[in-house]
Amino acid sequence: MSGAATAARTNRECVAGPMRGPRPHRINGQGSAMAEVAAQAAARIGLEDVDVPRLGMAAMRFINAIEQGQHEILWSAASATMRDGMPKESFLGQLEQRHRELGRGTARRWVAVRVDQPAQRTRWQIGTYAVLEFSVKFGSIGLPHREVVTLRREEEGVWRLAGYAVKVA
């Protein structure tokens with residue numbers, strides 16, 4: 001394998017996470033559970049399996065809707081995970097407060113993307129998530145921030161809003 005191919009493969013694995021899973025084998029009658037784990041690992045979706053520019057455009061549509069105050073539209077476009085995880089009033093209130101405090105962003109640059117299936121946690125439903133990070137400036141003096149948009153892959157391959165956060169860089 002050439003040096004460039006090795007570097008590309010290594011970069012893809014770092015960004016998308018390892019794509020390998022445990023090999024199925026039978027221990028004390030637990031072969032079916034191991035086979036299920038292996039099947040889930042084989043079905044993982046990685047960065048190379050998605051249309052990355054399309055993910056970026058989807059994230060930018062969500063950010064533009066936030067900045068234009070179209071919060072009701074965002075609620076209807078949000079993933080079931082997000083709608084089930086918080087009341088609509090909280091979601092709308094948080095977006096309105098963010099928009100009021102920070103205003104519109106300037107000099108926004110897409111800096112990172114990660115696609116993964118996180119281990120089962122209490123906060124996240126099992127599924128495939130894309131986390132897109134942007135560098136952006138807010139306020140009259142242009143303070144640098146990190147804007148993070150999380151999308152969840154749902155029925156028929158549709159990516160829906162699952163999270164949004166802004167942090168001072």
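At 2% relative accessibility, does F134 count as buried or exposed? In this predicted model F134 counts as buried because its relative accessibility is 2%, where buried means under 20% relative accessible area, exposed means over 50%, and partly exposed lies in between (1.4 Å probe, protein chains only). Residues are numbered from 1 along each chain as its sequence is written, and side-chain values use heavy atoms, with hydrogens and water left out. Because the model is predicted, local features need pLDDT of at least 70 and side-chain atom pairs count only at pLDDT 80 or more, while totals for chains, interfaces and linings use all residues.

**Overall build**

- The secondary structure of the protein comes to six helices and four strands, where helices (H or I, at least four residues) and strands (E, at least two) are DSSP runs numbered from the N terminus.
- Along the sequence, these elements follow the pattern α-α-α-α-α-α-β-β-β-β.
- The protein has 169 residues, of which 35% count as buried.
- The accessible surface comes to about 10400 Å², and 52% of this surface belongs to carbon and sulfur atoms; accessible areas come from the Shrake-Rupley method with a 1.4 Å probe, and for residues only the protein chains shown count as cover.
- Among the contacts in the protein with a separation of 6 or more, 54% are made by residues 24 or more positions apart, a contact being heavy atoms within 4.5 Å.

**The sheet**

- Strands of a sheet pair through backbone hydrogen bonds, either parallel or antiparallel.
- Here, four strands form an open sheet in the order 1-2-3-4, with antiparallel pairing; two strands count as paired if DSSP finds at least two bridges between them.
- Strand 1 and strand 4 stand at the edges with a single partner strand each, so one side of each is left without a neighbour in the sheet.
- From one strand to the next, the twist averages 20°; for such angles, axes are lines fitted to C-alpha atoms, for helices over the stretch in contact, and angles run from 0 to 180 degrees between N-to-C directions.
- Strand 3 and strand 4 pair in the antiparallel sense over nine bridges, and R146 stands opposite K167 in strand 4, while the bridge partner of R153 in strand 4 is W159.
- These two strands form a hairpin with five residues between them, and E156 in the turn has a positive phi of about 55°.
- Helix 6 lies across strand 2, strand 3 and strand 4, and runs at about 40° to strand 4.

**Aromatic pairs**

- Two aromatic pairs are found in a search of the whole structure; rings of Phe, Tyr and Trp (its six-membered ring) pair if their centres lie within 6.5 Å, with planes under 30 degrees apart counted as stacked, over 60 as edge-to-face and the rest as tilted.
- The ring centres of W75 and F91 are 5.1 Å apart and the planes stand at 55°, so this pair is tilted.
- W75 belongs to helix 4 (residues 71-77) and F91 to helix 6 (residues 88-102), so to speak of the pair is to speak of a link between distant parts of the chain, 16 residues apart.- Both W75 and F91 are buried.
- In the pair of W110 and F134, the ring centres are 6.3 Å apart and the planes are at 25°, so the pair is stacked.
- Because W110 lies in strand 1 (residues 106-116) and F134 in strand 2 (residues 128-138), this pair ties together parts that are 24 residues apart in sequence.
- Whereas F134 is buried, W110 counts as partly exposed, with a relative accessibility of 36%.

**The nonpolar core**

- The largest nonpolar core has 25 residues, and L55, L74, F91, L132 and L151 touch the most other members; such a core is a set of buried Ala, Val, Leu, Ile, Met, Phe, Trp, Tyr and Cys residues joined through side-chain atoms within 4.5 Å.
- Two or more residues of this core come from each of helix 3 (52-67), helix 4, helix 6, strand 1, strand 2, strand 3 (143-153) and strand 4 (159-168).
- Helix 3 gives the most to this core, with seven residues.
- When neighbours within four places in sequence are left aside, L74 is in contact with F62, A65, I66, F91, L95 and L161.

- H71 is placed in helix 4 and is buried, with a relative accessible area of 5%.
- Not counting residues up to four places away in sequence, H71 touches I66, F91, L92, L95, E96 and H99.
- V148 is placed in strand 3 and is also buried, with a relative accessible area of 14%.
- Not counting residues up to four places away in sequence, V148 touches V131, L132, E133, G163, Y164 and A165.
- Although V148 and A59 are 89 residues apart in sequence, they are 9.1 Å apart in space, C-alpha to C-alpha.
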